[in-house]
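Hi everyone, thanks for making time this morning. I'd like to walk you through a structure, so please have a look at it while I talk.

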Amino acid sequence: NDMHELGIAQEMLKIALDYAAKNNAARITQFSVAMSAIADESEESLRFHIDHLTRDTMAEGARVEITRVPMQAKCLECGHDFECAVDTTTCPKCSSARVRVLPQDEFKLTSIEVE
């Protein structure tokens, strides 16, 4: 669903422009984004929307760095927090299968570089 990425891109640009204004920046040079390992969204689509939305703004031409971050899970048996792959569902500490994957944002803006 492409509209979802558009919404995320708009939100990120808004945050970046607010930040730049507060810091009297001349331009925004980079967006750093963390992307959940379980995100259904498309990285290409997000990049496309950011490129498109930043045209004629102080963020035009900014780099978009996207880093995949693993899922976080918690063992309901022993309480251990751990990172897990999509197909791993047992606790590395006690081997229990009673684990819950913690909800996380598909895309999260982690930092913005300005000059």
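I'll go through a helix, the core, a sheet and then a few backbone angles. One thing to keep in mind is that this is a predicted model.

Let's begin with helix H1, which covers residues 2–22. How far apart are its end C-alpha atoms? They are 31 Å apart, and at 1.5 Å a residue the 21 residues of H1 should span 30 Å, so the two values agree.

Now, which residues of H1 are buried? They are Glu-5, Leu-6, Ile-8, Ala-9, Met-12, Leu-13, Ala-16 and Ala-20. These residues cover an arc of only 165 degrees around the axis, so they sit on the same side of H1. On the other side of the helix, Met-3, Ala-21 and Lys-22 are exposed. And what covers the buried residues? The cover includes E1, H2 and E6. Just after H1, you'll find Asn-24 with a positive phi of about 50 degrees.

The largest nonpolar core has 21 residues. Those with the most contacts inside it are Met-12, Ile-28, Phe-31, Val-33, Leu-46, Ile-50 and Phe-107. Several elements supply at least two residues each: helix H1, strand E1 at 28–36, helix H2 at 43–54, strand E2 at 63–69 and strand E6 at 107–114. H1 gives the most, with six residues.

Another one to click on is His-49, which lies in helix H2. Is His-49 buried or exposed? Its relative accessibility is 7%, and buried means under 20%, so His-49 counts as buried. Not counting residues up to four places away in sequence, His-49 touches Asp-2, Glu-5, Leu-6 and Ala-9.

Three strands form an open sheet in the order E4-E3-E5, and the pairing is antiparallel. E4 and E5 are the edge strands, each pairing on one side only. Neighbouring strands here are turned by 35 degrees against each other on average, direction ignored. How many bridges join E3, residues 71–75, to E4? There are four. To find one of the partners, look at Met-71, which has Cys-84 in E4 as its bridge partner. Cys-84 also belongs to a second, separate core of seven residues, which includes Phe-82, Cys-91 and Val-99 as well.

Asp-56 has a phi near 65 degrees, and its place is in the loop between H2 and E2. Asp-56 is at 74% relative accessibility, above the 50% cut-off, so it counts as exposed. Ser-95 has a positive phi of about 65 degrees, and lies in the loop between strand E4, 81–84, and strand E5, 99–101. With a relative accessible area of 57%, Ser-95 is exposed too.

That's my tour, and I'm happy to take questions.

Methods:
Residues are numbered from 1 along each chain as its sequence is written. This is a predicted model: local features need pLDDT of at least 70, side-chain atom pairs count only at pLDDT 80 or more; totals for chains, interfaces and linings use all residues. Side-chain values use heavy atoms; hydrogens and water are left out. A nonpolar core is a set of buried Ala, Val, Leu, Ile, Met, Phe, Trp, Tyr and Cys residues joined through side-chain atoms within 4.5 Å. Buried means under 20% relative accessible area, exposed over 50%, partly exposed in between (1.4 Å probe, protein chains only). Two strands pair if DSSP finds at least two bridges between them. Axes are lines fitted to C-alpha atoms, for helices over the stretch in contact, and angles run from 0 to 180 degrees between N-to-C directions. The expected span of a helix is 1.5 Å times one less than its number of residues. The arc is that of the directions from the helix axis to the C-beta atoms. Contact means heavy atoms within 4.5 Å.
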